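User: I'd like to learn how to read a structure like this. Please walk me through it, one feature at a time.

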Amino acid sequence: MDTKNINTTALAYIGDAEYVMKNGAVHADRLHREAVRYVSATGQAKAIRKMFDSLDEEEQKLVKRARNHKYSSKARSASPMEYKWATACEALIGKTHLDGNIEREKQLVAQIIEIIDSEEI
């Protein structure tokens, strides 16, 4: 599958689902309680901005493309720029997953969680 041509919104949707599942919660109520902090646009935006310089060139290009994509939806509890960065974060996870690079996907998710855990979000 050529993920370079997939719409970044679709990549973000897949990335969001993968990110939540990689968080390890499997029961719906537990999943919701544990996921809220990690799936917040604010947390994801802070994480991807912190990680950006450590991403490889292809990953940076994807993040920029996803961040700059024009969105019709709006976040309820985040600024428009936080929402764009968070969507870029999810798109990166989605693309990495679809590319079958599971080890890199695990690294990215672990790094995001570590950053969110170390910040006051």
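User: Let's start with T87: where does it lie, and is it buried or exposed?

Analyst: T87 lies in helix α5. Helices here are DSSP runs (H or I, at least four residues; strands are E, at least two), numbered from the N terminus. T87 has a relative accessible area of 7%, so it counts as buried. The cut-offs are under 20% for buried, over 50% for exposed and partly exposed in between, with a 1.4 Å probe and protein chains only. T87 also sits 6.7 Å from R67, C-alpha to C-alpha, though the two are 20 residues apart in sequence.

User: Before I go on, how far can I trust this?

Analyst: It's a predicted model, where local features need pLDDT of at least 70, side-chain atom pairs count only at pLDDT 80 or more, and totals for chains, interfaces and linings use all residues. Residues are numbered from 1 along each chain as its sequence is written, and side-chain values use heavy atoms, leaving out hydrogens and water. pLDDT is the predictor's confidence in each residue, from 0 to 100. The protein averages 83, and 80% of the residues score at least 70. Confidence is highest in helix α4 (residues 57-68), with a mean of 94, and lowest in helix α2 (residues 28-38), with 66. Where pLDDT is low, the predicted coordinates should not be read in detail.

User: Which residues does E90 touch beyond its sequence neighbours?

Analyst: Contact means heavy atoms within 4.5 Å. E90 is in helix α5 too, and it is buried, at 13% relative accessible area. Skipping neighbours within four places in sequence, E90 contacts L11, A12, G15, D16 and Q44.

User: How do I describe the way α3 and α5 pack?

Analyst: Two packed helices are described by the angle between their axes and the distance between the axes. The axes of α3 (residues 41-51) and α5 (residues 80-98) come within 7 Å and cross at roughly 70°. The two helices are therefore roughly perpendicular: that label covers 65 to 115 degrees, with under 35 roughly parallel, over 145 roughly antiparallel and the rest oblique. From α3, A41, T42, Q44, A45, I48 and R49 meet E82, Y83, W85, A86, C89, E90 and L92 of α5. By class, the residues of this contact are eight nonpolar, two polar and three charged.

User: At what angle do α3 and α6 pack?

Analyst: α3 packs on helix α6 (residues 102-118) at about 110°, with the axes 9 Å apart, so this pair is roughly perpendicular. G43, Q44, A47, K50 and M51 of α3 meet L108, Q111, I112, I115 and I116 of α6.

User: And at what angle do α5 and α6 cross?

Analyst: Roughly 155°, with the axes coming within 8 Å, and the two are therefore roughly antiparallel. The contact is made by C89, L92, I93, T96 and H97 of α5 with I102, R104, E105, L108, V109 and I112 of α6. These residues divide into seven nonpolar, two polar and two charged.

Methods. Axes fitted to C-alpha atoms, helices over the stretch in contact; angles between N-to-C directions. Nonpolar A, V, L, I, M, F, W, Y, C, P; charged D, E, K, R; others polar.
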